Amino acid sequence: MVRVAVVQQSPRKHLDATVAIQCELIGRAADDGARLVVLPEGGLCGFARRHAEAMAAVQALDGAYVEEIQDLTSSLGIAVAAHVYEPARVGERPVAYNTVVVLDHGVLRRTYRKIHLFDAQSFCESAVVEPGDPGQLDEPPLDVDGIAV
């Protein structure tokens with residue numbers, strides 16, 4: 001059995017404040033015995049409604065945010081699933097992928113670029129985010145403490 005913690009938090013105006021809150025919540029979950037902590041989609045910067053917002057929010061997979069969460073998973077000995085808008089290009093146009101990263105004991109173990117974008121209820125994610133490749137679903141599940149995730 002693996003203890004999982006799901007964090008629900010809203011992004012703050014300043015990225016550093018959001019990251020600090022996420023790190024505190026991850027630490028508290030680990031202290032309570034969580035082996036896997038799942039952060040919310042949009043938890044770092046909210047949901048981009050316009051292309052410029054998505055571009056302003058992009059975080060490289062080897063950038064400061066992922067590195068900070070990666071270091072935290074190393075020091076705590078846990079796994080964390082976190083959300084980033086990952087920079088990419090389609091032709092000459094800069095775009096963003098809505099990406100989940102899974103960091104486990106200090107290692108980036110998996111990325112998932114959202115395939116089915118949310119276009120409903122007057123929200124059109126596909127106007128600002130590029131869908132991921134469906135082939136990524138063929139990857140085997142991750143092992144977290146002996147449990148396939």
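A pocket here is an open set of grid points with protein on both sides within 12 Å along at least five of seven lines. In this predicted model, the largest pocket has a volume of about 160 Å³. Its lining is made up of L36, A81, V100, V102, R110, T111, Y112, L142, V144 and V149. Sorted by class, that lining comes out as 8 nonpolar residues, 1 polar and 1 charged. Two elements, β4 (93-104) and β5 (107-113), each give two or more residues to the lining of the largest pocket. The largest share, 3 residues, belongs to β5.

Now for a pair of helices. Helix α1 spans residues 15-31 and helix α3 covers residues 64-76; the two pack at an angle of about 20°, and their axes lie 11 Å apart. Angles under 35 degrees count as roughly parallel, so α1 is roughly parallel to α3. As for handedness, the crossing of α1 and α3 is right-handed.

Which residues actually make the contact? On the α1 side they are V19, Q22, C23, I26, G27 and A30, while α3 brings in Y65, E68, I69, L72 and L76. Going by class, the contact of α1 with α3 holds 8 nonpolar residues, 2 polar ones and 1 charged one.

How values were computed: Residues numbered from 1 in each chain as written. Predicted model: local features only at pLDDT ≥ 70, side-chain atom pairs only at ≥ 80, totals over all residues. Heavy atoms only, no water. Axes fitted to C-alpha atoms, helices over the stretch in contact; angles between N-to-C directions. Helix = DSSP H or I, 4+ residues; strand = E, 2+ residues; numbered from the N terminus. Parallel < 35°, antiparallel > 145°, perpendicular 65-115°, else oblique. Left-handed = near helix turned anticlockwise from the far one by under 90°. Contact = heavy atoms within 4.5 Å. Nonpolar A, V, L, I, M, F, W, Y, C, P; charged D, E, K, R; others polar. 1 Å grid on protein atoms, 1.4 Å probe; cavity = no way out; pocket = protein on both sides within 12 Å on 5 of 7 lines; lining within 4 Å. Points joined across faces, edges and corners; volume = space filled by probe spheres on them.
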